[in-house]
Amino acid sequence: MAEVLVTRRLVDDAMAALDCEYDLWEGPPTAIPRGEFLRRAKGKDGLLTLLTEKVDAELLDAAGPQLRVVANYAVGVDNIDIPECTRRGILVANTPDVLTEATADIAWALILSCVRRIGEGDRLLRSRTEWIWDPRMLLGQELYGRTIGIVGCGRIGQATARRAVGFGMRVIYHNSRPLPDEIAGPLGAELRTFDELVAESDVISIHCPLTPATRHLFNASVFARMKPSAVLVNTSRGPVVDEKALAEAVRAGEIFGAGLDVFEREPAVEEALLDLDGVTIVPHLGSATIQTRTAMGLLAVENLQAGLRGERPRALLNPEAL
Ligand code: DGY
């Protein structure tokens with residue numbers, strides 16, 4: 001019987017779908033400590049990991065040569081050294097598609113919170129501050145007729161752009177390659193260079209993966225070139241944004257606000273962001289709906305079990321390892 005390590009309890013339907021013996025790490029609300037991960041991976045045929053676990057050569061050495069599959073419970077795989085897994089013939093799979101719409105919804109929740117100052121309004125009332133309807137109270141930014149810039153226009157970027165059309169926004173995007181006409185056409189989406197997008201957008205929504213090229217893609221010099229009325233929203237990976245520089249840009253009024261679902265040193269949040277009214281922050285909730293987390297769990301388990309049977313996982317990322 002195959003031996004598997006699951007690094008965190010998933011929703012019940014996904015746990016029930018695991019038809020193998022498994023070692024489950026259930027700790028306090030922290031990621032599995034590294035030492036524990038290295039120790040418990042030893043001798044396992046499969047790993048079901050979260051985005052909080054680093055799967056690198058050290059971990060693969062600790063696991064041993066029988067490891068056949070790493071099923072990541074996330075679409076983002078910046079936590080996994082895929083070339084190293086491929087070199088060792090270990091299959092790597094993720095959970096694409098099933099979280100696209102939920103993540104686009106969170107991007108929009110953040111956009112709306114930033115432009116209409118929802119977080120600030122909520123905090124005002126909860127602090128029991130006296131208030132009265134006032135023509136100048138908590139004025140935000142209009143979305144209708146304005147421009148959204150999508151950075152990284154894959155599945156989630158496109159879903160975010162589709163929602164923008166409903167808000168009457170013009171869509172521009174920056175991507176490694178142009179979208180095919182059948183996708184760009186209905187969105188009215190126009191390709192821009194990164195610098196053009198930064199200067200033109202009223203809302204920038206980040207959907208690119210974290211790679212060495214995108215680390216701190218958004219930094220002080222970029223914020224200085226954004227419109228002072230613009231907002232920046234990040235639902236991809238925290239290190240794409242230089243958080244200290246972002247806090248300074250919002251504080252100095254270089255940009256109107258920012259909405260973050262992900263953080264540079266997650267789970268830590270840059271202290272300077274916590275006191276800024278123009279910033280909405282939520283704890284990496286992009287895929288956090290009952291439906292999506294169930295679908296992610298079932299897909300991760302399906303990927304794991306296919307790999308253990310020697311079959312091709314549905315969301316295999318490294319077919320060269322087969
Ligand atoms: C992912 O899947 O990469 C998200 O960040 C968590 O759902």
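**Exercise 1.** Is Ala161 buried or exposed, judging by its relative accessible area?

*Solution.* This is a predicted model. Start with the location: Ala161 sits in helix 7, which covers residues 155-166. Next, take its relative accessible area, which is 0%. The cut-off for buried is under 20%. Ala161 is therefore buried.

Now look at its surroundings. Set aside the neighbours within four places in sequence. Ala161 is then in contact with Ile150, Val171 and Leu187. Finally, compare sequence and space for one pair. Ala161 and Ala104 are 57 residues apart in sequence, and their C-alpha atoms are 8.6 Å apart.

**Exercise 2.** Find the buried residues of helix 6 and say which helix they pack against.

*Solution.* Step one: helix 6 spans residues 118-126. Step two: Gly119, Glu120 and Gly121 are buried there. Step three: the buried residues of helix 6 pack against helix 5, residues 100-116.

**Exercise 3.** Describe the largest nonpolar core, then locate another core apart from it.

*Solution.* Begin with the members. The largest nonpolar core holds 29 residues. Phe218, Phe223, Met226, Leu232 and Leu246 touch the most other members.

Then ask where the residues come from. At least two each are supplied by helix 9 (194-200), strand 9 (203-206), helix 10 (220-225), helix 11 (243-251) and strand 11 (257-260). Helix 11 gives the most, with five residues.

Zoom in on Leu246. Again leave out neighbours within four places in sequence. Leu246 is in contact with Phe223, Leu232, Val241, Ile255, Ala258, Leu260 and Leu273.

**Exercise 4.** How many cavities of 30 Å³ or more does a search of the whole structure find, and which residues line the largest?

*Solution.* Count first: the search finds one cavity of 30 Å³ or more. Then take the volume: about 30 Å³ of space lies in the largest cavity. Next, list the lining: Val115, Gln141, Glu142, Leu143, Arg146, Asp202, Val203 and Ser229. Now sort these residues by type. Three are nonpolar, two are polar and three are charged.

Definitions and conventions:
Residues numbered from 1 in each chain as written. Predicted model: local features only at pLDDT ≥ 70, side-chain atom pairs only at ≥ 80, totals over all residues. Heavy atoms only, no water. Buried < 20%, exposed > 50% of the residue type's maximum accessible area, 1.4 Å probe, protein only. Helix = DSSP H or I, 4+ residues; strand = E, 2+ residues; numbered from the N terminus. Contact = heavy atoms within 4.5 Å. Core = buried A, V, L, I, M, F, W, Y, C linked by side-chain atoms within 4.5 Å. 1 Å grid on protein atoms, 1.4 Å probe; cavity = no way out; pocket = protein on both sides within 12 Å on 5 of 7 lines; lining within 4 Å. Points joined across faces, edges and corners; volume = space filled by probe spheres on them. Nonpolar A, V, L, I, M, F, W, Y, C, P; charged D, E, K, R; others polar.
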